[in-house]
Amino acid sequence: PHVGGLRVASLRKQRSNAISAKIIFFDFDGVLVESVEIKNHAFRDLYVEHGGDVVKKVLAYHTEHGGISRVVKIRQCHLAFLGIDLTDEGLNTLAARFAEAVEDLVTACPFVEGAMEMLTAVRKGRWLYIVSGTPEDELQRIVARRGMSPYFHGVFGSPRRKEEIIEAVLARHDVAPGETLFVGDAMTDYWAARNTEVPFVGRVAPSWSNPFPSGTAVIADMTGLAAYADGEYPFP
């Protein structure tokens, strides 16, 4: 059913599963800003010279491994689909091309609907963090250029894994995983939350295929997230 803009797996579950989050972790691309297609086009452009078959395989890999560092994906794609074991220099060159192609576009792209209103609503009395696979220095520049920095207590990206970042934040604040929330749009986010025992809500836009296991709480955009953060709805 849809309640307050949310597709809720089950509203009849015991409210003992509900939380009032003290910390909220957000992925960035596809969760706070509509940048997924920008990143898709950038990966396509990196491999277009190698032909349509390679591009198709790269895009499938990129989509399946959303939220993983682009450096890891580029290295794996070259090895798996081109038989090339990139040197560090070659890898850095390609990663720099990708960064140059996306940074200004991601800075200028639209917010996910309701994102800024949601951040304003949930920031009081909570710690908010961005946990992304984007390189950390680039991510911090984009967040600052978009005027979003004041909303967050930390903006973290690769090369650290998301689990590592989450565990460090939990230790810093001495907060139990069950008193937090992770909002992501990819299975990488889902598993980061599962592996750290953090409740998870997936963002699945109406035009996307739902990648998450059956029963996962999902929202179409950010307009209804505050209800989850306040423990109004239980988690599956």
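Residues are termed buried under 20% relative accessible area, exposed over 50%, and partly exposed in between (1.4 Å probe, protein chains only). The structure is a predicted model, in which local features need pLDDT of at least 70 and side-chain atom pairs count only at pLDDT 80 or more, while totals for chains, interfaces and linings use all residues. Residues are numbered from 1 along each chain as its sequence is written, and side-chain values use heavy atoms, with hydrogens and water left out.

A salt bridge is taken as a side-chain nitrogen of Lys or Arg within 4 Å of a carboxyl oxygen of Asp or Glu. The count under this rule is 14 salt bridges. One of them joins Lys-162 to Asp-27 at 3.3 Å, N to O. Lys-162 belongs to helix α7 (residues 162-173) and Asp-27 to the loop between β3 (23-26) and α1 (36-47), so this pair ties together parts 135 residues apart in sequence. Helices (H or I, at least four residues) and strands (E, at least two) are DSSP runs, numbered from the N terminus. Lys-162 and Asp-27 are both buried.

Lys-162 also forms a salt bridge with Asp-189, with the closest N and O atoms 2.4 Å apart. Asp-189 is located in helix α8 (residues 187-195) and Lys-162 in helix α7, so the pair connects parts 27 residues apart in sequence. The relative accessibility is 0% for Asp-189 and 5% for Lys-162.

A further salt bridge pairs Asp-85 with Arg-75 (3.9 Å, N to O). Asp-85 is exposed, at 56% relative accessible area, whereas Arg-75 is partly exposed at 26%. Salt bridges also link Glu-103, Asp-104, Arg-141 and Arg-145 in a network.
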